[in-house]
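Dear colleague,

I am handing over the structure below for your work. My findings on one helix and one metal site follow it.

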Amino acid sequence: EAKARGRNGFRRYAAGTAMYNPARIALENDLRKAIDGDELVLFFQPQVDLVTQEIRGVEALVRWRHPQRGLVSPIHFIPVAEESGLIVPLGNWVLCAALHQLRQWQMQERLPVRVSINISALQLRQGGFARYLAEQIEAYAIDPCLIELELTESVLMHNVEGVLQTLHEIKALGVSLAIDDFGTGFSSLSYLRRFPIDRLKIDQSFVRDIERTPTNESIARAIVALANSLSLDIVAEGIETPAEKSVLEHMRCSEGQGYLFAKPLPAEEIVNWLGVSRKELLLSY
Ligand code: C2E
Ligand code: MG
Ligand code: MG
Ligand code: MG
């Protein structure tokens with residue numbers, strides 16, 4: 001008997017029940033090939049200082065250049081990757097590709113920006129994740145303080161002792177940690193005391209139409225206050241309009257990310273974007 005419908009609309013079956021879904025199996029096989037082949041690509045979205053609009057970092061966001069379907073959004077394949085375990089090799093690919101790109105930027109463009117990388121629960125819980133991370137940092141000769149890992153609240157809810165240990169190992173490398181989609185999970189706030197977190201990312205659902213949605217305004221304001229009182233950094237996700245930016249800026253949310261500043265861009269375009277946005281910035285003064 002089907003128990004629940006997954007986020008991707010596929011039914012999940014109770015253990016022991018045969019599952020045969022040809023479309024799903026084909027997708028998994030395609031994804032496996034995509035990871036081994038050359039079909040995944042990273043886009044990067046700027047995170048900016050809300051007051052000066054200067055770039056502070058970029059978030060690495062994976063896409064799949066599917067030979068037939070074109071550029072596929074991660075919302076269509078990350079859930080499948082998570083359920084099939086493919087998220088581990090996929091996540092490792094993302095990590096290496098992001099560090100490789102950071103290295104390129106450091107060498108060619110001298111772009112000293114932080115790169116934020118999304119890490120799934122399964123990936124973090126694989127044995128030796130912190131050691132793997134350390135090896136990649138070494139291999140790509142990256143300054144670890146330029147790396148931030150984004151975790152969702154759900155990562156912090158299970159196997160707390162094991163996760164805590166891994167997070168301390170990651171912090172010991174000099175890498176920082178952010179909570180993604182903050183406020184949308186079901187975990188208690190007490191984890192903010194226990195886990196070595198550096199930053200909260202206000203989920204875009206609270207940013208949407210914030211200038212005329214009092215509940216969103218209240219929640220965002222509370223998150224900013226929480227971050228300030230715990231000395232955590234903060235970034236608001238999904239800022240699309242000047243009005244949204246203005247409200248967040250006035251509540252002293254220091255950083256923002258969203259289509260207003262830039263959509264996720266291929267690596268080459270990040271450098272162009274920087275040039276153009278610097279000029280715009282100069283003109284606005
Ligand atoms: P996320 O980590 O919360 O990433 C932010 C998402 O919001 C991105 O969607 C980004 O394109 C989108 N976004 C940014 N600014 C705006 C805006 O102003 N308006 C709107 N409507 N959307 C905006 P994307 O790239 O489709 O990624 C979706 C999710 O897929 C990510 O959410 C993340 O959970 C997951 N994901 C993406 N790349 C990776 C990855 O390499 N590893 C893992 N584990 N998950 C990933
Ligand atoms: Mg993220
Ligand atoms: Mg998010
Ligand atoms: Mg709006």
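Just after α10, R252 adopts a positive phi of about 65 degrees; helices here are DSSP runs of H or I with at least four residues, strands are runs of E with at least two, and both are numbered from the N terminus. This is a predicted model, in which local features need pLDDT of at least 70 and side-chain atom pairs count only at pLDDT 80 or more, while totals for chains, interfaces and linings use all residues. Residues are numbered from 1 along each chain as its sequence is written, chains are lettered from A and ligands numbered from 1 in the order written, and side-chain values use heavy atoms, without hydrogens and water.

Helix α10 spans residues 242-250, and its buried residues are E244, K245, V247 and L248 (buried: under 20% relative accessible area; exposed: over 50%; partly exposed in between; 1.4 Å probe, protein chains only). Because they cover an arc of only 165 degrees around the axis, they lie on the same side of α10 (the arc is that of the directions from the helix axis to the C-beta atoms). P242 and H250, on the other side, are exposed.

The magnesium ion (ligand 2) is coordinated by E59 (OE), N118 (OD1), E150 (OE) and D180 (OD) at 2.0 to 2.2 Å; donors are N, O and S atoms within 2.8 Å of the metal (3.2 Å for Na, K and Ca), and sites may look incomplete because water is not among the atoms. D180 also bridges to the magnesium ion (ligand 3), the two ions lying 4.2 Å apart.

Kind regards
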